[in-house]
Amino acid sequence: FEPISMMWFNKLHNRTLDVLVEDTLAQGSYIRSNYNIRDGALAQTPTILVERLLKFYTEPGDIVLNPMCERIPHLLIANYFKRHAIGQDICKRFYKHDVEKLKSRILSAQFLDPDGNKIIREDENHFFSLYNNLTFNLTKGDSRKLELEDNSVDYIITSPPYWDLGIYGDEPEQVGSGSESYEDFLVNLGMIYKECYRTLKKNKFMCVQVNDFRKGGEFYDYHGDTIDLLKSIGFKYWDIQVYNISTHPLAAIFLTQIRDRMYFAKCHEYNIVLRKV
């Protein structure tokens, strides 16, 4: 593939990865909520984007972290391409879903390779395992404190919450719903990014997938604010990529709003690339 600054993923799919991820939780939420995250719809990650980023920034055997892992699509793809996977999220619902999903796959794979597919430790907040002869570890916990050593991760890929617009769980530790103002939200999110900086190895990369949004008649330059926040923590702002995610007829869904309010339907996101130097 061409590592260019703009990509159109609405016309590109890796069917194998789509089946691998099998994000039925998100697909069902989209149908019930008519694509509206404010009503509970869950975002879906373009699997081919994750594939390309992993192949570009990592090597087989690297350790990949997602500190806000939700339904673990990034990590399943990392495992598929022979990378070790670590995920953490505060949401009890997502953690239960992720453990059940991963456990069923490990148990199925044990018939062919019992040594390379096994559960090492499982409790209320931890699921440590070997899957396809690679470590695949999940933690339920506040990502403002990652249970990882300094300089221990080769690559970080994540998509942060959108303040309190989405429904990410009812835990009081949620950085979005637990923040009264947008500024408070950025402060709390910055604590997670500080942990990312601490755990990432020197000269390694982090990719953050994010978009701008509107709330209460205000437009929030979320991707720009994210860049400023990450630079203030110490990351080197390395690159940016714009990618089209319009797999649904957004123009038709929001046509009335577009005309009445005179702003554009969002059909893209930003991939922000940072480096720890």
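Trainee: Which residues have the most contacts inside the largest nonpolar core?

Mentor: Start with the general idea: in soluble globular proteins, nonpolar side chains tend to be buried together. In this model, which is a predicted one, the largest nonpolar core has 34 residues, and Tyr193, Met206 and Tyr222 have the most contacts inside it.

Trainee: Which helices and strands each supply at least two residues of this core?

Mentor: Look at strand 7 (153-158), helix 6 (182-199), strand 8 (200-210), helix 7 (222-233) and strand 12 (268-275); each supplies at least two. Helix 6 gives the largest share, with seven residues.

Trainee: And what is methionine 206 in contact with, leaving aside its neighbours within four places in sequence?

Mentor: With those neighbours set aside, methionine 206 is in contact with Ile156, Tyr193, Cys196, Leu200, Leu230, Phe235, Ile272, Val273 and Leu274.

Trainee: Let's zoom out. How many helices and strands does the protein have?

Mentor: The count comes to nine helices and 12 strands. Of the 277 residues in the protein, 51% are buried. Now take contacts between residues at least 6 apart in sequence: 71% of them join residues at least 24 apart.

Trainee: Now helix pairs. At roughly what angle do the axes of helix 6 and helix 7 cross?

Mentor: Their axes cross at roughly 50 degrees and come within 10 Å. Helix 6 and helix 7 are therefore oblique to each other. The crossing of helix 6 with helix 7 is right-handed.

Trainee: Which residues in helix 6 and helix 7 meet?

Mentor: From helix 6 you have Tyr182, Phe185, Leu186, Leu189, Gly190, Tyr193, Lys194 and Tyr197, and these meet Tyr222, Asp225, Thr226, Leu229, Leu230 and Ile233 in helix 7. Sort the residues of that contact by class and you get 10 nonpolar, two polar and two charged.

Trainee: What about helix 3 and helix 4: at roughly what angle do they cross?

Mentor: Helix 3 (residues 47-57) and helix 4 (residues 73-80) have axes that come within 10 Å and cross at roughly 50 degrees. That angle makes helix 3 oblique to helix 4. Their crossing is right-handed. On the helix 3 side, Thr47, Val50, Glu51 and Leu54 meet His74, Ile77 and Ala78 of helix 4. The contact of helix 3 with helix 4 has four nonpolar, two polar and one charged residues.

Trainee: How many of the residues of helix 3 are buried?

Mentor: Nine of its 11 residues are, so to speak, tucked under cover, and helix 3 counts as mostly covered. Buried in helix 3 are Thr47, Ile48, Leu49, Val50, Glu51, Arg52, Leu53, Leu54 and Tyr57.

Trainee: Next, backbone angles. What is the phi of lysine 82 near?

Mentor: The general idea is that most residues other than glycine have a negative phi. Lysine 82, though, has a positive phi, near 70 degrees. You'll find lysine 82 in the loop between helix 4 and strand 3 (84-89). Lysine 82 has a relative accessible area of 46%, so it is partly exposed.

Trainee: Where does asparagine 133 lie?

Mentor: Go to the loop between strand 5 (126-131) and strand 6 (134-140). The phi of asparagine 133 is positive too, near 65 degrees. Its relative accessibility is 52%, so asparagine 133 counts as exposed.

Notes
Residues numbered from 1 in each chain as written. Predicted model: local features only at pLDDT ≥ 70, side-chain atom pairs only at ≥ 80, totals over all residues. Heavy atoms only, no water. Core = buried A, V, L, I, M, F, W, Y, C linked by side-chain atoms within 4.5 Å. Buried < 20%, exposed > 50% of the residue type's maximum accessible area, 1.4 Å probe, protein only. Helix = DSSP H or I, 4+ residues; strand = E, 2+ residues; numbered from the N terminus. Contact = heavy atoms within 4.5 Å. Axes fitted to C-alpha atoms, helices over the stretch in contact; angles between N-to-C directions. Parallel < 35°, antiparallel > 145°, perpendicular 65-115°, else oblique. Left-handed = near helix turned anticlockwise from the far one by under 90°. Nonpolar A, V, L, I, M, F, W, Y, C, P; charged D, E, K, R; others polar.
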